[in-house]
Amino acid sequence: MATTQSQRLGIFAALALVMAATRVHISILHHDVWDASWGVFFLAGFWLRGSARWAFPLLMALAVLADYFVITGQGINFWEHYCVSAAYWFLVPSYFALWMGGSWLAARKPGLNLRGLGLAVGALLVSWAACYVVSNGSYYWLSATVPQPRSVAAWFANMADWYLFFLETTALWAGLGLVVHALATQLSRTLGHADHSKLTR
């Protein structure tokens with residue numbers, strides 16, 4: 001929930017850097033770092049609420065650019081990769097669901113208490129579920145790589161295979177971001193209280 005344009009630009013740059021770095025599958029000590037994209041869109045909606053007209057399209061463009069870099073870097077034509085089907089473009093509403101979850105949370109001005117924690121968990125779970133159903137469902141029903149015949153039962157089984165991984169990854173990055181937010185908020189209050197005390201002496 002940045003208030004000044006410089007704060008918003010700084011937060012956007014930090015989120016973009018994290019997403020770009022993890023989306024191209026960087027490794028630390030030979031361990032792949034989980035893609036932060038889903039968590040980043042949730043946090044962007046939270047911290048950059050009101051800036052969706054410029055921040056969301058730029059983050060989407062960055063996500064596509066990172067995918068293009070990874071795919072073509074493997075010597076594969078971007079448009080012929082199995083991930084780039086008609087379902088690929090459903091990432092836009094999928095990611096926007098996460099953005100809206102973060103934005104909804106920001107509008108409630110959650111405090112550093114149990115109510116705020118409950119709102120954060122609820123917003124994340126609902127927006128994550130919407131993102132997951134749209135992204136997984138569009139890939140299952142529209143991608144040519146999914147074997148025929150398709151069925152609702154098989155789709156549910158496919159979602160069950162992957163839901164825990166995507167939930168853990170999203171919760172990890174969103175949780176880290178919200179912890180940073182809580183620490184920054186508390187630090188700001190402490191410094192503000194200290195300055196106020198000096199002025200009243």
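Biologist: Let's start where H2 meets H4: is the crossing left-handed or right-handed?

Modeller: Bear in mind that this is a predicted model. Two packed helices are described by the angle between their axes and the distance between the axes. Here H2 and H4 have axes 6 Å apart, and their crossing is right-handed.

Biologist: How are H2 and H4 oriented to each other?

Modeller: Their packing angle is about 40 degrees. Angles under 35 degrees would count as roughly parallel, and 65 to 115 as roughly perpendicular. H2 and H4 are therefore oblique.

Biologist: Which residues of H4 does H2 meet, and how many charged residues are in that contact?

Modeller: From H2 come Ser37, Trp38, Phe41, Phe42, Ala44, Gly45 and Phe46. They meet Tyr95, Leu98, Trp99, Gly101, Gly102, Ser103, Leu105 and Ala106 in H4. By class, the contact of H2 with H4 has ten nonpolar and five polar residues, and the charged ones come to none.

Biologist: How many of the residues of H2 are buried?

Modeller: Ser37, Trp38, Gly39, Val40, Phe41, Phe42, Leu43, Ala44, Gly45, Phe46 and Trp47 are buried, each with under 20% relative accessible area. H2 is largely enclosed by the rest of the structure, because the buried count is eleven of eleven.

Biologist: Which residues touch the most other members of the largest nonpolar core?

Modeller: That core has 44 residues. Helices H1 (5–23), H2 (37–47), H3 (52–73), H4 (91–107), H5 (114–142) and H6 (152–199) each give two or more residues to this core. Touching the most other members are Phe41, Phe42, Leu59, Tyr95 and Leu98.

Biologist: Take Tyr95: what is it in contact with, leaving aside its neighbours within four places in sequence?

Modeller: Tyr95 is among the H4 residues that meet H2, and Tyr95 is also part of the contact of H4 with H5. Leaving aside those sequence neighbours, the contacts of Tyr95 are Arg23, Ser37, Trp38, Phe41, Phe56, Met60, Ala63 and Cys131.

Biologist: And H4 against H5, how are they oriented to each other?

Modeller: Their axes come within 8 Å and cross at roughly 170 degrees. An angle over 145 degrees is the cut-off that applies. H4 and H5 are therefore roughly antiparallel.

Biologist: How many nonpolar residues does the contact of H4 with H5 have?

Modeller: The H4 side includes Leu91, Pro93, Ala97 and Trp104, while H5 gives residues including Leu119, Ala123, Trp128 and Val134. Four residues of the contact are polar and no charged ones take part. The nonpolar residues number 14.

Biologist: Zooming out, in what order do the elements run from the N terminus on?

Modeller: The protein has six helices and two strands. Its C-alpha trace spans about 75 × 35 × 35 Å along the principal axes. From the N terminus on, the order is α-β-β-α-α-α-α-α.

Biologist: Which residue has a positive phi although it is not a glycine, and is it buried or exposed?

Modeller: The residue is Lys109, with a phi of about 45 degrees, in the loop between H4 and H5. Exposed means over 50% relative accessible area. At 65%, Lys109 is exposed.

Note on methods: Residues numbered from 1 in each chain as written. Predicted model: local features only at pLDDT ≥ 70, side-chain atom pairs only at ≥ 80, totals over all residues. Heavy atoms only, no water. Core = buried A, V, L, I, M, F, W, Y, C linked by side-chain atoms within 4.5 Å. Buried < 20%, exposed > 50% of the residue type's maximum accessible area, 1.4 Å probe, protein only. Helix = DSSP H or I, 4+ residues; strand = E, 2+ residues; numbered from the N terminus. Contact = heavy atoms within 4.5 Å. Axes fitted to C-alpha atoms, helices over the stretch in contact; angles between N-to-C directions. Left-handed = near helix turned anticlockwise from the far one by under 90°. Nonpolar A, V, L, I, M, F, W, Y, C, P; charged D, E, K, R; others polar.
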